[in-house]
Amino acid sequence: MSDMRTPLNKVRGLGSAKDGTGHFWRIRLTSIALIPLSLFLLGWILSVGGASYGEVRAALAQPLIALAASLFILISLDHMRLGMQIIIEDYIHGEGAKVTLLMLNIFFAVAVGAASVFSILKIAFGG
Amino acid sequence: MSHSPATRPHARPLSPHLTVYRWPATMLMSILHRITGGALYFGTLLVAWWLIAAATSENAFNLANQVLGSWVGLIVLVGYTWAMMLHMLGGVRHLIWDTGTGLEKDTSTQLAWATLAGSIVLTVLIWAGYLWLGA
């Protein structure tokens, strides 16, 4: 079959690892987003430290807090999934163990994210 | 399988490896950056647990707060704070390096010590602020 793409187009953005600088860029992008988000939430957690069940739920139900907390969790999990991927690739050399751990890494991030965001939304939408 | 004299393995001098170097600050901070990243990874379980508890019931929430407020829990939370500050400042250090600056030997060593010192100062400030706010 003829391929209309030029050789340059086919390799653009692809290193030998097949994803070029995508991983590097994404870990930087998420790290920058996490600086203001984590500082904001840290401040919020300090302000609700020792607060009662009702007070914490009322605070978590505020749109700004619920949004910031959800974004913080989702972006954190993306960032840490990328970071743990590097750690696994650096230290685990057996192909089977490596692929298994890389899968578990993604499952862990998705499970923690789903549980956390569901909890926030449940509180925010008054459940 | 026996080795011929020419290929028999025997103790040859090895180039110095990780274990014989006095740790430079940059190496220490590189290792700490990875370790704190790994710790923060599993620390998300605590965040998820606290949120699930808040969404479940008052009893579950009080239990979570009780555990996190115990002395073991507080040690973990102070450690969590420190890990977060160190990893954040370490990340900023990486972002500075990404611009191609701060890579000289002296500067990178100073940045490494600044990251460690900054993380400790921020952790102390955060917990002092927490106590001051009267938790």
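1. How far does helix α2 of chain A reach from its first C-alpha to its last? This is a predicted model, by the way. The helix runs over residues 22-48, 27 residues in total, and reaches 38 Å. That is close to the 39 Å expected at 1.5 Å a residue.

2. Past the helix you get to A:G50, which has a positive phi, near 80 degrees.

3. On to the contact between the chains: 26 residues come from chain A and 26 residues from chain B. On the chain A side, the elements giving two or more residues are α2, α3 (53-60), α4 and α5 (95-124). Sorted by class, that side has 14 nonpolar, 9 polar and 3 charged residues.

4. A word on the record: an unreviewed UniProt entry annotates residues 32-53, 59-78 and 99-125 of chain A as "transmembrane region". In the model, residues 32-53 of chain A are 82% helix and 0% strand, with their end C-alpha atoms 32 Å apart. Residues 99-125 of chain A come out at 96% helix and 0% strand, and their end C-alpha atoms lie 38 Å apart.

Terms used
Residues numbered from 1 in each chain as written. Chains lettered and ligands numbered in written order. Predicted model: local features only at pLDDT ≥ 70, side-chain atom pairs only at ≥ 80, totals over all residues. Helix = DSSP H or I, 4+ residues; strand = E, 2+ residues; numbered from the N terminus. Expected span 1.5 Å × (residues − 1). Contact = placed C-beta atoms within 7 Å. Nonpolar A, V, L, I, M, F, W, Y, C, P; charged D, E, K, R; others polar. UniProt positions renumbered as here; feature names shortened; annotations may be inferred.
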